[in-house]
Amino acid sequence: MKYDPSSIESKWQERWAADDVYRATQGEGGDKYYCLEMLPYPSGKLHMGHVRNYSIGDVVARFRRMRGFNVMHPMGFDSFGMPAENAAIEHHTHPAIWTRQNIEVMRNQLQDMGFAYDWNRQIASHMPEYYRWNQWLFLRFLERDLAYRKEALLNWCPSCETVLANEQVEEGLCWRCGSVVEERRMSQWFFRITAYIDELLDGLDGLDGWPERVRTMQRNWIGRSHGARVTFGVDDSDEGLEIFTTRIDTIFGATFMVLAPEHPLARRWYEQGPGADAGLDAEEFADTIDKLEKMNRRQRPGEEGEKAGIFTGHYAVNPFSGERLPIWIANFVLMDYGTGAIMAVPAHDERDFEFARGCALPIRPVIGPSEGDAPAWINDPGAMEEAVPLYGVLLPANGDYAGMTSEDAQQRMIEDARAGGFGDAAVDYKIKDWGVSRQRYWGTPIPIIYCPDCGVVPVPDADLPVTLPEEVELTGEGGSPLGHVESFVNVDCPTCGGAARRETDTMDTFVDSSWYYLRYLSPHDEEHPFDRSAADYWLSVDIYIGGITHAVLHLLYFRFFCKAMADLGLLSVREPVTRLLTQGMVLMGGTAMSKSKGNVVDPDEMVSRYGVDATRIFVLFAAPPERDFEWDEGGIIGCRRFLNRMFTLIARSRAALEGVAPSGDEGELPEALVELRRKAHDTTRRVTDEVEQRLHFNTAVAALMELLNECDAAVAAVPVADAGTSAWLYRDVFERLVALLSPFAPHLAEELWEMLGHREYVADQLWPTYDAGVLERETISLAVQVDGKVRGSIEVSVDLDDNDALVAEALKEANVAKHIDGRTIVRTVVVPGKIVSLITQ
RNA sequence: GCCCAAGUGGCGGAAUUGGCAGACGCGCUAGGUUCAGGACCUAGUGGGCUUCGGCCCGUGGAGGUUCGAGUCCUCUCUUGGGCACCA
């Protein structure tokens with residue numbers, strides 16, 4: 001009899017499906033456990049990354065089931081998005097057809113992998129039953145002022161013909177197609193993620209089940225800095241010039257001011273011409289500002305833009321010192337951070353220093369080190385080769401603040417600015433509100449109507465969903481495709497009944513994935529986005545498994561939605577996920593597999609060659625889950641061998657074990673079987689800990705392999721048929737082994753479980769437990785060191801913890817004695833259970 | 001430039017609290033078996049030396065702490081990742 005994966009796999013998949021084994025029912029059984037994996041985009045076929053992601057999730061889900069938890073383990077499809085639309089343009093099909101076909105293929109593949117999903121809960125975000133709730137949530141956000149419309153400079157991808165969120169621009173390039181992103185001024189819808197920004201940031205500290213790496217990336221992305229806003233006077237204007245700084249303590253060192261080219265004051269002078277001191281005519285001046293504005297934009301990867309600027313001929317007045325400072329316009333100041341204007345302190349800021357050097361502007365140090373000798377640059381700024389951005393003590397040039405530490409000065413200056421009415425403490429963030437409008441077809445229509453009389457009118461809840469029209473021409477050009485569908489655009493105003501027009505943009509698909517884990521809980525609910533009692537029962541998600549690529553995009557939106565929905569009274573939790581596992585990539589030739597590189601391994605091919613179980617085991621065994629690993633076909637062969645040997649072991653023993661109970665007299669076991677018993681219990685302990693606590697599936701599989709090796713060795717020493725009254729131990733060990741194997745290789749485990757004479761599913765069995773008593777030994781092997789080097793080992797009773805006795809025992813060891821010979825022991829270190837260390841001389 | 005990971009045999013990796021480095025798997029070597037199927041079994045497999053008892057070296061590199069360091073500390077190199085005119 002031979003292990004034949006394909007027949008075993010289809011046999012058990014059919015039975016599981018027929019008996020609906022993996023259905024999740026609220027309130028049933030033990031404590032709930034929500035195991036969630038990032039849902040796939042239906043791009044065509046599963047790739048190895050999916051197989052790895054979902055194999056990890058499946059082990060966790062199956063393990064928890066056997067531990068007695070009531071497990072929620074759903075799957076769905078993130079089925080709105082640009083690839084469907086691009087494919088439609090290319091192949092002249094409809095995105096809906098392309099998407100439906102892909103979902104069917106991928107769902108079959110997922111089922112063929114034997115993943116224990118409750119398929120009754122499947123969702124697909126392109127279905128109106130799903131996306132109507134995106135629209136419903138949009139309207140709730142609108143009511144709470146969490147959704148709003150504004151004109152803004154936006155990231156525009158010329159190739160995708162759509163706006164991108166800041167999170168979707170990587171080094172100035174479109175995250176999806178790699179085109180250089182341009183800027184456009186457009187009216188767009190935004191979600192006010194900044195309303196939750198402090199909670200999103202501070203909440204990271206409490207997320208100890210999340211990788212530090214992800215938390216750091218989110219912190220960086222949010223980019224909170226504490227500082228102050230200070231208003232400088234402008235000498236020929238009543239209005240002030242407000243700047244943001246994190247270093248108000250260096251304000252006496254400001255030697256000039258810089259505006260972003262888009263700054264309102266810069267715009268005004270652009271129109272009116274420069275001040276007299278600029279030494280330029282109006283045309284020259286305006287031309288230069290135009291150039292600066294173009295240069296200002298995002299640089300190519302790695303390029304550090306050359307700093308350039310122009311003097312406006314206008315001056316600002318430092319409210320602390322009364323000093324007059326020239327105002328410049330330069331390309332290195334960004335309009336969308338702070339106030340779009342800075343005070344430049346070249347002595348203590350790298351960027352200001354570089355600019356000051358280039359334009360021959362003065363450099364004035366105002367902070368010195370708090371300890372040690374005064375550096376030469378304090379009195380000779382001309383000799384500075386770089387800015388010194390230190391925190392220290394304020395030098396004499398700082399008026400009343402001289403002698404204070406930077407920290408004290410910051411506090412005092414903020415107080416004084418507040419008192420003087422020209423400034424206050426301020427916090428600024430790198431993150432901006434989330435722009436959600438997309439000029440594409442294949443997404444959720446934004447439920448808004450523009451009425452010439454009533455203005456912006458939300459679509460009433462009763463009219464939801466606003467469905468995507470099927471008849472549409474997709475050319476990839478000319479803006480929102482919905483704009484050309486007259487039957488869609490023309491609508492009666494819900495308020496006045498007059499002729500009005502629908503919003504033609506669709507929502508960013510990250511909206512879909514921001515709350516999908518809730519829809520799984522009641523996917524067929526027609527009254528609500530999800531059932532509140534189900535949410536209260538199942539949340540939070542106990543483990544969420546997916547790629548690190550979503551560390552700032554999806555995972556930040558996901559957290560934002562949770563908090564916003566909690567405040568809408570929809571949820572009782574404020575953080576969606578307790579534990580996050582970010583799995584690494586499957587590489588080939590050192591890079592991610594991709595169709596364009598032609599280095600793709602097709603999971604189907606691996607499955608047909610080695611079987612589902614071997615494929616699953618390999619992706620788990622190759623490396624710990626967080627780490628990337630290199631695909632190696634040799635590795636999967638090894639896993640197939642392991643399963644072959646499992647099969648052979650049980651197939652050969654089953655006849656001899658028929659009718660044998662899994663328990664019996666422990667006193668009569670031969671030594672080889674006592675060892676095997678200990679190994680089986682120890683393996684139970686290890687696998688449990690690896691899967692439950694450490695999430696290291698590679699070492700769990702290794703432990704199972706070790707146990708199999710020991711089984712083979714034991715059977716060679718004491719054949720099962722000859723074991724007599726000890727045969728029960730074999731049954732106990734084999735059943736343990738099969739049960740422990742089942743989350744990793746569920747099909748083979750079911751088959752072996754059946755071969756051992758069982759009728760029920762091994763998937764429904766309780767996870768084996770271990771007996772700490774069985775793990776105990778009578779004797780233990782201790783290493784003996786002489787002068788720090790291991791010279792032998794001794795076998796002693798576990799109870800022996802007497803120093804002198806252990807040393808005496810160590811000295812009996814021939815090789816130890818040889819190394820001690822002729823020397824004097826000056827010290828002994830004995831750690832019972834660990835080591836005996838002897839030090840001579 | 002700043003911040004964070006990681007670096008262990010020919011390869012993937014293990015070592016959970018500072019206590020016998022290299023578990024487990026691949027590959028390789030020898031033998032067996034079957035005989036041409038990427039099959040199976042047994043033994044071996046970090047490097048060097050060996051009188052076959054052992055000995056020396058060894059976790060990117062250099063120092064240090066310790067009876068004892070892959071593990072802790074300092075410096076440094078390399079790779080990967082994140083951030084990068086964020087005032």
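## Basis and overall build

A contact means heavy atoms within 4.5 Å. By that criterion, residues 24 or more positions apart account for 72% of the contacts in chain A with a separation of 6 or more. The model is predicted, so local features need pLDDT of at least 70 and side-chain atom pairs count only at pLDDT 80 or more, while totals for chains, interfaces and linings use all residues. Residues are numbered from 1 along each chain as its sequence is written, chains are lettered from A and ligands numbered from 1 in the order in which they are written, and side-chain values use heavy atoms, with hydrogens and water left out.

Chain A has 841 residues, of which 54% are buried; buried means under 20% relative accessible area, exposed over 50%, and partly exposed in between, with a 1.4 Å probe and protein chains only. The C-alpha atoms fill a box of roughly 110 × 85 × 50 Å along the principal axes. Secondary structure comes to 25 helices and 32 strands, taken as DSSP runs numbered from the N terminus (helices H or I, at least four residues; strands E, at least two).

## Domains

Chain A is divided into domain 1 (5–125 + 510–583), domain 2 (134–192 + 433–507), domain 3 (224–429), domain 4 (652–775) and domain 5 (779–840). These bounds come from an automatic or database domain assignment. The centres of domain 2 and domain 5, taken over C-alpha atoms, are separated by 77 Å.

## A four-stranded sheet

An open sheet is formed by four strands in the order β20-β19-β22-β21, with antiparallel pairing. Two strands pair if DSSP finds at least two bridges between them. The edges are β20 (455–458) and β21 (490–492); each has a single partner strand, so one side of each is left without a neighbour in the sheet. On average, neighbouring strands of this sheet are turned by 40° against each other, direction ignored; the axes are lines fitted to C-alpha atoms, and angles run from 0 to 180 degrees between N-to-C directions.

Three bridges join β21 to β22 (residues 499–502) in the antiparallel sense. V491 has A500 in β22 as its bridge partner.

D525 sits in the loop between α13 (516–519) and α14 (532–538). D525 is buried but has no salt bridge, and the nearest side chain of opposite charge, R519, is 5.5 Å away. Here Lys and Arg count as positive and Asp and Glu as negative; His and the chain ends are not counted. A salt bridge requires a side-chain nitrogen of Lys or Arg within 4 Å of a carboxyl oxygen of Asp or Glu. Leaving out residues up to four places away in sequence, D525 touches W133, R519, F530 and D531.

## Salt bridges

The structure holds 53 salt bridges. One of them joins E754 and R15 at 3.1 Å, N to O. E754 lies in helix α22 (residues 746–755) and R15 in helix α1 (residues 5–19), so the pair ties together parts 739 residues apart in sequence. E754 is partly exposed at 28% relative accessibility, and R15 is partly exposed at 35%.

R149 and E503 form another salt bridge, with the closest N and O atoms 3.5 Å apart. R149 is in strand β3 (residues 147–157) and E503 in the loop between β22 and β23 (506–507), 354 residues apart. R149 is partly exposed at 34% relative accessible area, whereas E503 is buried at 5%.
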